[in-house]
Amino acid sequence: MSLRMPIIGKLASSSVIRRHPLNPILDAARVPYPTALVFNAGVTKFNGRYVMVFRNDYGSPEEQRLEPHHTTDLGVAFSSDGIHWDVQPKPCFRLHDEEIVRAYDPRLTVIDGRCYMCFAVDTHHGIRGGVAVTDDFIHFEILSLSTPDLRNMVLFPETIGGNYVRLERPFTVYSRGGVDRFDMWISESPDLIYWGNSDLLLAVEQVPFANDKIGPAAPPIKTAKGWLTTFHAVDIDPRRGKNGWEDAWKKRYTAGLMLLDLENPKKIVGMYREPLLAPELQYETGGGFRNNVIFPGGMVLEDDGEVKIYYGAADTVECLASAHIDDLLKLCLDS
């Protein structure tokens with residue numbers, strides 16, 4: 001099977017998006033324990049305040065060295081304005097045993113007054129996707145773990161047609177030509193435990209600025225015109241060399257935007273044909289563990305129509321961008 005792998009040139013962020021002037025809004029220096037990388041956070045509003053659960057990777061930035069994967073855990077921070085964060089004194093979630101290596105990349109969704117967290121789980125026999133629930137960000141009840149290989153799961157904030165719904169990204173290597181060619185799928189569940197009725201939602205070849213893989217990013221938010229959601233899109237350029245701590249990093253992660261039907265989210269109502277966010281500023285393109293990476297993990301729709309979009313940058317820090325909801329919907333519907 002032959003797969004066309006175009007080289008994608010310079011990508012620019014949409015003009016409707018505004019990065020916050022205080023970016024990064026969270027980095028390792030502001031965490032009260034010795035983490036090295038703070039990124040790919042899930043963010044939501046819960047019980048009257050903003051909550052951020054972020055990924056911690058440990059090591060030495062000065063030596064460009066990471067500790068073994070099993071040391072990864074999740075931290076938590078709270079905020080009254082979504083900009084300035086009170087990081088709690090110790091991590092809030094960690095998984096590691098004889099089979100499980102680590103849990104990482106959390107995504108938060110509030111459903112019926114409780115906060116649910118999707119997360120990825122590295123094991124010795126594949127990557128699994130987990131769903132947990134918490135009311136205090138101290139105690140977490142794990143509801144389900146998928147079979148391998150599944151990652152980047154996000155939940156819709158309410159049931160649709162009586163079922164919970166999630167977006168997800170399987171690792172379909174053999175059926176997609178033996179290379180990275182990962183697409184976005186959608187599944188349903190009656191109870192957040194048993195999942196099925198799965199369908200392909202969006203394929204790599206449908207995204208003009210991806211040639212490698214796509215998948216969910218921030219969980220969807222409900223609007224009058226549909227479910228608005230971001231996705232991550234990856235392009236590979238073999239000419240890229242050392243772009244971070246590793247010997248070579250040839251990928252670039254950008255953020256896409258699409259709108260799904262309110263009653264049938266398996267139907268795409270509209271999609272912006274260009275990146276909503278592309279790596280441009282120094283904290284996105286230089287000095288990080290993996291440069292040229294933008295990965296949204298949370299969207300908050302404010303009462304005045306502002307949409308706060310939280311994203312990891314360069315796999316190193318956590319950042320904030322914003323846009324008006326009407327502008328984001330227009331991008332999807334006019335493309």
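A nonpolar core is a set of buried (under 20% relative accessible area, 1.4 Å probe, protein chains only) Ala, Val, Leu, Ile, Met, Phe, Trp, Tyr and Cys residues joined through side-chain atoms within 4.5 Å. The views below come from a predicted model, where local features need pLDDT of at least 70, side-chain atom pairs count only at pLDDT 80 or more, and totals for chains, interfaces and linings use all residues. Residues are numbered from 1 along each chain as its sequence is written, and side-chain values use heavy atoms, leaving out hydrogens and water.

**View 1. The largest nonpolar core has 27 residues.** Leu228, Leu257, Tyr311 and Leu328 touch the most other members. At least two residues each come from β19, β21, β22, β23 and α2 (helices are DSSP runs of H or I, at least four residues, and strands runs of E, at least two, numbered from the N terminus). The largest share, 5 residues, belongs to α2.

View 2. Thr223 sits in strand β17. Thr223 counts as buried because its relative accessibility is 9%. A polar atom of the Thr223 side chain lies 2.7 Å from the backbone oxygen of Gly226. Asp105, Arg107, Cys118, Phe119, Ala120, Arg151, Asn152 and Met153 line the largest cavity. Here a cavity is a set of points, on a 1 Å grid over the protein atoms alone, where a 1.4 Å probe fits but cannot get out, and lining residues have an atom within 4 Å of a point. The volume of the largest cavity is about 40 Å³.

Methods
Buried means under 20% relative accessible area, exposed over 50%, partly exposed in between (1.4 Å probe, protein chains only). A polar contact is a pair of N or O atoms within 3.5 Å; within protein, one must be able to donate a hydrogen and the other to accept it, and residues adjacent in sequence count only if both atoms are side-chain atoms. On a 1 Å grid over the protein atoms alone, a cavity is a set of points where a 1.4 Å probe fits but cannot get out, and a pocket is an open set with protein on both sides within 12 Å along at least five of seven lines; lining residues have an atom within 4 Å of a point. Grid points are joined across faces, edges and corners, and a volume is the space filled by probe spheres set on the points.
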